[in-house]
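Please read the following report alongside the sequence and the coordinates. It is concerned with confidence, packing and surface.

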Amino acid sequence: MRDFFQFVSTNWQELLALTSEHVLLVLISTGAAVVIGVPLGVAVTRKKALQGPILGAANILQTVPSLALFGLLIPLPFVGGIGARTAIIALALYGLLPIIRNTVTGILGIDPKIREAAVAMGMTDWQVLRMVELPLAAPVILTGIRVAVVIGVGVATVAAAVGAGGLGTSIFRGLRQYDNNLIVAGALASALLALFIDFLLGQLGTSFRIDAKHRPARRIAAATGLMLLAAVAAMSLFPGIGSSMAGPELPDASKAGVASKERVVVGSKDFTESIILAEILAQSLEKQGIAVERVFELGGNLAHESLLSGRIDVYPEYTGTAYTAILKNSPITDPEVVYEKTKTEYAEKFGLTLSPPLGFANDFAILVRGDVARQNNLKTISDAVPFANDWQAGFGQDFMSREDGYRGFAAAYGLNFGKQPREMDLSLTYRALQSGELDIIAGNSTDGLISALDLFQLADDKRYFPPYQAVFIARREKAPLLAETFRRLENAISTEEMRRLNYEVDGNKRTPRDVAAEWIKSK
């Protein structure tokens, strides 16, 4: 516990920035959901035929897994992409159901005699809605808003996977770096934020019930406006709360007064090595006076999709991944052939450019615990085959689904696991292996956690896995701007060096920015 409080005292500014991003996402999306949901709820009470389509659509949106919804929105023009915009739209869609449903319930739950009395007094339908129905239904509507806010706070943690920032960034980093302090800080802050906002809205609901003369309908509108105003105020109070919300970060050269009309958006995948490589590229470009916007920690295949859609300009990739997972080719083992074929097909199919190799390969690493390897004298994957029947394997979704992944790997080595391998998040497989929940996993050969957790990499003695040379992939329009930096980074990082850089982040808990800056200075 002492370590956690020390961590918070050291990193409170970053946690505050992530919390501010989270609040912005929730407030803006909930405000949008109220603006859309309340009128839709009112429309349902006026035309019964709308009840099925509107509530049905809201119910369907509620059942779509959050990460899937983010993924579906990304390729859509105007509303999609990566960053805060996609997250806000997704969160607003999730918030519609409780707001619409409670608006309908609140209005239809009013005693019909009250409505009849209002009509008998000569009120129009609009006057009945504004002066009778909405004031009486306001506490129920506010309950729906409270539910929407709590849902938003929870789902917003997943928004970090699409580069939207927020407290999910801390949680994902903690899982990736095996850092419980990061996980607890993000999860605890998210839970406290949900309780705090729910408490404030609860107090507002109590005031509605105590005094009906203050026009609760107007106060709901005022509360919605207040949420949006608070979001704008937070952006002005915390102008640097993350690239995903605050826009492009000015490069060092710009801050020093060097004018730059060029701008490059550098992306990365959601694991340590990709972030370090992206940071090395970004800082190298900034030293040339080129403005850089960072869009890091993109989950799944979002980096490639963002590159194709023009949301980012360049990101780190691996030739084996590009050749098999994206181009859908059968695995081959010659590094030069894989590189040349990938370079040619990327140019022909996508209009994208590959940089020269960076000097190291991040191959699949079949890992066991170090003590198990030493006790049983395990050196190669073939050495582990006799133990497979008693072992519980666990692999990331990527490894389980790829052509060069589990199915071909198990067939090549004749592996017959006694239990069905568990398919789970890659960062969690390291934790499960170290704790003894799993006995064998497929990690990455340059991962710093291999040393940090005393894991052992079994040699691929049958040479099953294709080569995964590290490269950068860029949009063709940006290739001339990136050419000089690509030339400087060609064969500049060895496998041992990359593993050390990863360990500095995952093992020594340093930031990718500092590690990248130190490496650039050393070169």
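Residues are numbered from 1 along each chain as its sequence is written, and side-chain values use heavy atoms, with hydrogens and water left out.

The pLDDT, the predictor's confidence in each residue on a scale from 0 to 100, averages 84 over the chain, and 87% of the residues score at least 70. Helices (DSSP runs of H or I, at least four residues) and strands (E, at least two) are numbered from the N terminus, and the chain has 24 helices and 10 strands.

| Element | Residues | Mean pLDDT |
|---|---|---|
| helix α10, lowest | residues 243–246 | 36 |
| strand β10, highest | residues 470–475 | 97 |

Over residues 231–260 the pLDDT stays under 50, although the model has 47 contacts beyond four places in sequence for them, a contact being heavy atoms within 4.5 Å. Where pLDDT is low, the predicted coordinates should not be read in detail.

Of the 523 residues in the chain, 52% are buried, where buried means under 20% relative accessible area, exposed over 50%, and partly exposed in between (1.4 Å probe, protein chains only). A nonpolar core is a set of buried Ala, Val, Leu, Ile, Met, Phe, Trp, Tyr and Cys residues joined through side-chain atoms within 4.5 Å. The largest one has 63 residues, of which Leu-25, Phe-70, Ile-145, Tyr-346 and Ile-473 touch the most other members; helix α4 (residues 84–108) contributes its largest share, 12 residues. Apart from this core lies another, of 58 residues, including Ile-366, Leu-415, Leu-482 and Ala-492.

Beyond four places in sequence, the contacts of Tyr-346 include His-304, Ile-326, Leu-352 and Ile-473. His-304, in helix α13 (residues 302–309), counts as buried because its relative accessibility is 6%, and among the residues that His-304 touches beyond four places in sequence are Tyr-315, Ile-326 and Phe-350.

At the surface, by contrast, Leu-195 of helix α8 (residues 180–210) counts as exposed because its relative accessibility is 59%.

Note on methods:
Predicted model: local features only at pLDDT ≥ 70, side-chain atom pairs only at ≥ 80, totals over all residues.
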